[in-house]
Amino acid sequence: MSARLLSLQAVDKRYASVTALSGIELELGAGQGLAILGPNGAGKSTLLRIMAGLAHPTGGKVQFAEGAPQRSRVGYLGHATLLYPELTARENLVFAGRLYGVEDPGARADQLLADEGLSGVANRRARGFSRGMAQRLSIARARVHAPELLLLDEPFTGLDEPSAQRLSLRLEGLAHEGHALVLATHEIDRAARLAQTALVLVEGMVKRRVNAEEMSEPFLRTAYAEALEASP
Amino acid sequence: MNVALAILWKDLVSEWRSRDRVMAMLVFSILVAVVFYFALPMLRPEELSALAPGLLWTAYLFSALLGLNRSFALELENDALAGLALAPGNRGWIFLGKAAANWVLISIVQILTAGVFALFYGIDLVPALPGLATVVGLGTVGICAAGTLLAPMAVRTGFREVLLPVLLLPALFPILAGAVEGSGAAVAGRPIPFAALQLLLVTDGIYLIVAFLGFDYVLDE
């Protein structure tokens, strides 16, 4: 396994009397892809928000390998786009770059817009973007500070098939460029393509782990179905 | 500091393009002026002058509540607040940027509202302008400091319209006391009492420090 980037030890998250996560253990290597599968309400988004530093665990530990602080090493794409609709695509990226202290946010914004094929709409306000364009701009936003780890929460939701396909290829490209990816999704085929390992969350607990040797779409599909069946 | 300036720029550009926050606050302030005009029809000019600072600050406070609520409701659109919370470094700078943007936008509405009040009630505010501007500016710093701290908590609940006034108004009593006393003196052509300025400065300082340090916890889930 590559050098360890992130580890979670016995992580719990409770909201009043509701247990969202219980006893989560995982390790992620630099440049590695991890898929988190599970039905709605399984705790996937909560787990990603804890990894991003947006939420604190009630118990347990989240540890990054030594280096810069957690928030500057993580790029996060949630259910929402995190974009400001009244700002243009370029302004959104320049603003995000300034939040992260990027040295030349204008140049970085131009580079990311070109990467995502959005240079032609750089000066258009984000309000007018289609879901697919907004998602590409969100990915550019998540990458503005060149993070080591990208956290992607249901990134294909709401996209039509061609847009989802384009996004999937883009994420494969980012994985090849060396980004570690954590992908929460229902889409097993895409998870199998983008991740080397997977875990199935049900009711806040890890019910099944799939390692790199086992990873394939049919195996993942079976493992997921078995984990759901085994849960009450 | 760069983060604060970036947020100030972002909020002002967004507002310039949408104009929804300033318009909502301004319309509300004018309506308050109209309501008081009809509610107090028989007042003599000297009675109106005595009441004007209190009426003005009532309009200022309630329109500021509207603006502060809206300021963070906009951050919830597309979960942009999470985008701010993800930024590395001291979150106090995020507070400072949001508070500065709120101060600028609320001040614009206050200037226009003062003009409307002067017109409606026939009060000449021009001689009072330097003193009034000092008191209103200082009072608004406190409103924005406390409001920018409390608004993100309020907007993430199901009672956002109710919760912010309930949390914020009690915190603004000292500001209101100093601001009304100082504004009254300015409108009457008297020097602003030192005690009123002192109260505003001390309250502003406390709220700014508490909010700068406490904003880290406010943005956490």
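How many helices and how many strands does chain B have?

Analyst: This is a predicted model, in which local features need pLDDT of at least 70 and side-chain atom pairs count only at pLDDT 80 or more, while totals for chains, interfaces and linings use all residues. Residues are numbered from 1 along each chain as its sequence is written, and chains are lettered from A and ligands numbered from 1 in the order in which they are written.

Chain B has eight helices and zero strands, where helices (H or I, at least four residues) and strands (E, at least two) are DSSP runs numbered from the N terminus. Along the sequence, chain B therefore reads α-α-α-α-α-α-α-α. Its C-alpha trace spans about 55 × 35 × 30 Å along the principal axes. The radius of gyration of chain B, 18 Å, agrees with the value near 17 Å that a compact globule of 221 residues would have; this radius is taken over C-alpha atoms, and the globule rule is 2.2 Å times the number of residues to the power 0.38.

Of the 221 residues in chain B, 48% are buried, a residue being buried if 20 or more other C-beta atoms lie within 10 Å of its own, exposed if 12 or fewer, and partly exposed in between, with C-beta atoms placed from the backbone. Among contacts in chain B with a separation of 6 or more, 83% are between residues 24 or more positions apart; two residues are in contact if their C-beta atoms, placed from the backbone, lie within 7 Å.

Chain B also meets chain A, in a contact that takes 20 residues from chain B and 24 residues from chain A. On the side of chain A that touches chain B, helix 1 (44-52), helix 2 (70-73) and helix 3 (89-99) each supply at least two residues, and the largest share, three residues, comes from helix 3 of chain A. That side of chain A divides into 14 nonpolar, six polar and four charged residues, with Ala, Val, Leu, Ile, Met, Phe, Trp, Tyr, Cys and Pro counted as nonpolar, Asp, Glu, Lys and Arg as charged, and the others, Gly among them, as polar.

Buried residues make up 48% of chain A, and 67% of its contacts between residues at least 6 apart in sequence join residues at least 24 apart.
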